[in-house]
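Please walk through the packing of the helices and the spaces between them in the model shown here.

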Amino acid sequence: GVEFSVERLTEGGRRLLASAGLYLGLNVGAGLVLGWAIGWGGRETLVIAGITGISSSAIVTKILVELRRLRHVETQLILGIIVLEDLFLAIYLAALAPVLGQADGVGESVLLFVRALGFLLLLAVVARYGSGVVGAVVRADDDELLVVLFVGFALLMAGAADVLGVSDAIGAFMAGLVLAGTAARHRIERMVLPLRDAFGALFFFGFGLSIDPGDMRSVIGPASLAVVTSLALAVLAAVGAARINQLGRVAAANIACSVVARGEFALILVSLAAGAGLDGRLAPFAAVYVLTLAIASPILSTHATTLSRLLPARLFVPAAP
């Protein structure tokens, strides 16, 4: 969240909304079709749609940083897409409350959805207009005190989100979005990156411990189909996004190869599904799917310029310098 700001999000305007909507529509829709075809059940189908529909913010950002593409013309579009995906996931999780055993009945589900939406809108308003007040609260000349303040703020927002029925990860993300508008942003970003990488590694390590490698054999077929589908749709969505934003085919290849990464939010969905007693095959399915795309995305992104030559040039405007 700290790596992106509300100002950057609003700068994207309708083109960003159209690009993210195209990506989400294709991938969530394909997940619904895939889940129905697998036949594991209606509730599992909704979880599979979430798994296939949301990119990994952490992996995508890491790719952009390590490949030194932060100044590329398409990078702001990529960041905007993954931010809108994260916001969509918050609403999607609220809508899935009955499926995940977090709500009883339609009335409680609607109430949870409204609370989640209100929470997100409130923090978005704070991020847009209240960054000065928040900045004054977390301002500190001493680095150690600043760490205590911004970690405390992140935990506070994560806890508030959890109480309101929103994913605590989304609450922490919104806390970062609020702090991105403060004067301390660059100091916070510098100090939080090592913490992010360390806890990110522990998160994936913990999920790995919960998976029996023997269970993966039974889901290789559905997971492979999901991987191939996601790769194909990533290219299709990237071509559409490039046309909407008048970008060239190299930019489209960069979008497709990076945004196809899957990671933390897919695993969060699976963890919630396991707690709700859904089909046990979801966990190994997600493990194979996420691991494959988490490996493929950085490799493909490294060779995106070469892969872009496979895309018909007539579909794009001339690439920006």
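The paragraphs below take up helix contacts, then the pocket and the cavity.

The model is predicted, so local features need pLDDT of at least 70 and side-chain atom pairs count only at pLDDT 80 or more, while totals for chains, interfaces and linings use all residues. Residues are numbered from 1 along each chain as its sequence is written, and side-chain values use heavy atoms, with hydrogens and water left out.

Helix α13 (residues 282-302) takes part in two of the contacts described here, with α2 and with α12. Helices are DSSP runs of H or I with at least four residues, numbered from the N terminus. The axes of α12 and α13 come within 9 Å and cross at roughly 175°; axes are lines fitted to C-alpha atoms over the stretch in contact, and angles run from 0 to 180 degrees between N-to-C directions. α12 is therefore roughly antiparallel to α13, a term for angles over 145 degrees, whereas angles under 35 degrees count as roughly parallel. On the α12 side, Ala266, Leu267, Val270 and Ala273 meet Leu282, Ala283, Ala286 and Val290 of α13, where contact means heavy atoms within 4.5 Å. This contact has eight nonpolar, no polar and no charged residues.

Helix α2 (residues 42-53) and α13 have axes that come within 11 Å and cross at roughly 15°, so the two are roughly parallel to each other. Their crossing is right-handed, meaning that the near helix is turned clockwise from the far one by less than a right angle. From α2 the contact draws on Glu44, Val47, Ile48, Ile51 and Thr52, and from α13 on Leu282, Phe285, Ala286 and Tyr289. By class there are seven nonpolar, one polar and one charged residues in it.

Elsewhere, α4 and helix α11 (residues 249-259) pack at about 35°, their axes 10 Å apart. This crossing is also right-handed. Leu77, Ile78, Ile81 and Glu85 of α4 touch Asn254, Ile255, Ser258 and Val259 of α11, giving five nonpolar, two polar and one charged residues.

Next come the spaces. On a 1 Å grid over the protein atoms alone, a cavity is a set of points where a 1.4 Å probe fits but cannot get out, and a pocket is an open set with protein on both sides within 12 Å along at least five of seven lines; lining residues have an atom within 4 Å of a point. The largest pocket has a volume of about 1400 Å³, the space filled by probe spheres set on points joined across faces, edges and corners. Its lining numbers 39 residues, with Gly1, Ala169, Ala172, Phe173 and Arg196 nearest the centre. The largest share, 11 residues, comes from α9. The pocket lining divides into 26 nonpolar, five polar and eight charged residues.

The count of cavities of 30 Å³ or more is one. Its lining consists of Asn27, Ala30, Gly31, Leu34, Thr52, Ala226, Thr229, Ser230 and Leu233, with α1 (6-38) and α10 (220-244) each giving two or more residues. Four of the lining residues are nonpolar, five are polar and none is charged.

Terms used
Nonpolar A, V, L, I, M, F, W, Y, C, P; charged D, E, K, R; others polar. Parallel < 35°, antiparallel > 145°, perpendicular 65-115°, else oblique.
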